[in-house]
Amino acid sequence: MGEVARLRGEYEQAASAYAQARALYEEVGSRLGQANALKSLGDVARMRGEYEQAASAYAQARALHEEIGNRIGQANVFLALARLAETQERCANACESYAAAQKLYQAIGLGRWAQHCQHARNRLACSEGPGD
């Protein structure tokens, strides 16, 4: 429900659905579910211009993904952090996060996603870094 509401631009409903999902995942002890719900809450906050809330949700999601060793989740959060930084015109931070996402995507064999990150880095004229 959260994803449908988010795609429709109904951010209040999306945030509510993701918060409910997070609570349910926490209740049943699913750290992966919690991490994914937090990342989605961050996405909604970013789209609403609530950048501090987005950064906080992403940080929590990233920590959970790291704890459970979910590299694709980590990469997805780095990609979200890069988009957040780019929205805030923090180019150096965006480049750093795109590079981190690219490195993880390459390591797990998701070449198209790694290329996406490289294209973003090229667009931002990022210097050589960890993704190279």
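**Entry 1: helix 4 against helix 5**

I began here and saw that helix 4 passes helix 5 in a left-handed crossing (left-handed if the near helix is turned anticlockwise from the far one by less than a right angle, right-handed if clockwise). I take helices from DSSP runs (H or I, at least four residues), numbered from the N terminus. A note on what I am reading: this is a predicted model, where local features need pLDDT of at least 70, side-chain atom pairs count only at pLDDT 80 or more, and totals for chains, interfaces and linings use all residues. Residues are numbered from 1 along each chain as its sequence is written, and side-chain values use heavy atoms, with hydrogens and water left out.

The packing angle of helix 4 and helix 5 is about 160°, with their axes 9 Å apart; axes are lines fitted to C-alpha atoms, for helices over the stretch in contact, and angles run from 0 to 180 degrees between N-to-C directions. Helix 4 and helix 5 are therefore roughly antiparallel (over 145 degrees). On the helix 4 side I listed the contact residues, among them Tyr 51, Tyr 58, Arg 62 and His 65, and on the helix 5 side Val 77, Phe 78, Leu 81 and Leu 84 are included. Contact means heavy atoms within 4.5 Å. By class I noted 10 nonpolar, four polar and two charged residues in this contact; Ala, Val, Leu, Ile, Met, Phe, Trp, Tyr, Cys and Pro count as nonpolar, Asp, Glu, Lys and Arg as charged, and the others, Gly among them, as polar.

**Entry 2: helix 5 against helix 6**

Next I looked up helix 5 and helix 6, whose axes come within 8 Å and cross at roughly 160°. That makes helix 5 roughly antiparallel to helix 6, and their crossing is left-handed. Helix 5 brings residues including Phe 78, Leu 79 and Leu 81, while helix 6 brings Tyr 98, Leu 104 and Tyr 105, among others. The class count for this contact is 13 nonpolar, four polar and three charged residues.

**Entry 3: the largest pocket**

I then checked the largest pocket and wrote down a volume of about 180 Å³. Its lining residues are Ala 55, Arg 62, Phe 78, Leu 81, Leu 84, Ala 85, Arg 90, Asn 93, Glu 96, Ser 97 and Ala 100. Helix 4 (51-68), helix 5 (71-87) and helix 6 (91-107) are the elements that give two or more residues to this lining. I used a 1 Å grid over the protein atoms alone and a 1.4 Å probe; a pocket is an open set of points with protein on both sides within 12 Å along at least five of seven lines, and lining residues have an atom within 4 Å of a point. Volume is the space filled by probe spheres set on the points, which are joined across faces, edges and corners.

Technical notes. Angles under 35 degrees count as roughly parallel, over 145 as roughly antiparallel, 65 to 115 as roughly perpendicular and the rest as oblique.
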